[in-house]
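Notebook open, model on screen. I want to go through a few spots and jot down what I find.

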Amino acid sequence: KGDVKAQGNWGEILLEKILEESGLRKGTDYIVQGKDFGLKHPETGMPLKPDVIIKLPEDKHVIVDSKVSLKHYADYCAEPDETQRAVFLKQHLNSIKTHVDGLEKRRYQDTDNMGTPDFVLMFMPVEGAYALAIQNDSTLHGYAWNKRVVLVCPSTLFATLRTIASIWRLELQNQNATEIAKRSGDLYDKFVGFVEDLQRLGNQMKTAQNTYESAMNKLSTGKGNIVARTENLKELGAKTSKALPKDLVSSEDEEDSTKLVENLN
């Protein structure tokens with residue numbers, strides 16, 4: 001209770017635990033201490049290190065700053081005297097307002113290299129301390145809002161973070177849908193190209209078939225074809241050691257060859 005540094009570390013640990021339980025991933029969906037952002041005060045140039053920066057789609061961010069105020073709250077809870085309790089309560093409320101004022105002066109929202117909403121979340125990890133302050137000062141939320149600060153406790157922050165996590169899931173689904181549409185379009189275009197190639201191949205095969213049939217007609221099926229003429233040479237007495245395939249030499253060719261020989265004789 002007497003170590004402010006330890007209180008601050010404890011608050012940051014609790015904040016990270018809530019972030020993880022809400023479904024956000026460290027280093028991906030949120031970063032701590034403004035790592036790699038190089039944030040600086042827009043006027044003084046002093047470095048700024050917010051406890052947590054939550055990333056949102058389209059390069060937007062939400063800044064969360066942890067505020068642990070145990071001393072006055074603990075004194076209030078332990079004090080039996082109502083008069084003295086009122087003093088500790090006032091000190092507790094003043095401590096919260098002082099931290100709100102400090103957050104306003106840091107001007108996280110005005111940094112150039114980070115898109116943020118027009119407010120900072122001030123996280124109070126002690127639920128009882130938050131409830132005590134709100135119950136005894138109904139203007140506290142309005143005071144903080146006018147300073148562009150939103151007060152949150154573990155329960156309200158968790159609900160906020162779950163909403164942010166849902167936004168990220170929707171964003172990933174949208175990205176996946178876009179990628180699926182892109183890949184589907186690429187696949188369709190590739191398929192069209194494949195069909196066109198097959199059609200060209202079919203036309204080429206038809207052309208080849210027509211060329212083949214024309215050549216065969218000249219070779220063996222048409223009138224006065226090469227096979228018939230070549231076979232005539234054999235009938236006329238050309239010395240050969242081989243014979244053309246029977247399926248190439250038609251009966252008409254044989255008859256023509258016979259008639260030619262008879263006429264020559």
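First, my terms: helices (H or I, at least four residues) and strands (E, at least two) are DSSP runs, numbered from the N terminus. I am working on a predicted model, where local features need pLDDT of at least 70, side-chain atom pairs count only at pLDDT 80 or more, and totals for chains, interfaces and linings use all residues. Residues are numbered from 1 along each chain as its sequence is written, and side-chain values use heavy atoms, with hydrogens and water left out.

**Salt bridges**

I call it a salt bridge when a side-chain nitrogen of Lys or Arg is within 4 Å of a carboxyl oxygen of Asp or Glu. By that rule I get 9 salt bridges.

I started in helix H1, where Glu-21 and Lys-17 sit 4 residues apart, about one turn of the helix. Their side chains form a salt bridge at 3.2 Å, N to O. For exposure I use relative accessible area: buried is under 20%, exposed over 50%, partly exposed in between (1.4 Å probe, protein chains only). Glu-21 is partly exposed at 47%, and Lys-17 is partly exposed at 46%.

Next I looked at Lys-26, which bridges to Glu-16 at 3.3 Å, N to O. This pair links distant parts of the chain, 10 residues apart: Lys-26 is in the loop between helix H1 (4-21) and strand S1 (30-32), while Glu-16 is in helix H1.

Then Lys-97 and Asp-137: their closest N and O atoms are 3.4 Å apart, and I count that as a salt bridge. Lys-97 is in helix H3 and Asp-137 in the loop between H4 and H5, so the pair ties together parts 40 residues apart in sequence. Lys-97 is partly exposed at 22% relative accessibility, whereas Asp-137 is buried at 11%. I also noted that salt bridges with shared partners join Asp-101, Glu-104 and Lys-147 into one network.

**Helix H4**

Which residues of helix H4 (residues 127-136) are buried? I find Ala-129, Tyr-130, Leu-132 and Ala-133. Looking down the axis of H4, the buried residues fall within an arc of 165°, so they line one face of the helix. I take the arc from the directions from the helix axis to the C-beta atoms. With contact meaning heavy atoms within 4.5 Å, I see these residues pack against helix H2 (71-78), helix H3 (82-106), helix H5 (140-146) and strand S5 (149-152).

**Strands**

I checked strand S4 (residues 120-123) and found both faces covered: Val-120 and Met-122 are buried on one side, Leu-121 and Phe-123 on the other. In a regular strand the side chains alternate between the two faces of the sheet. Two strands pair if DSSP finds at least two bridges between them. S4 pairs in the parallel sense with strand S3 (residues 60-66) over 3 bridges, and with S5, also parallel, over 4 bridges. Phe-123 is the bridge partner of Ser-66, and Val-152 in S5 is the bridge partner of Phe-123.

Arg-148, in the loop between H5 and S5, has a positive phi of about 65° although it is not a glycine. Most residues other than glycine have a negative phi. I have Arg-148 as partly exposed, at 26% relative accessible area.
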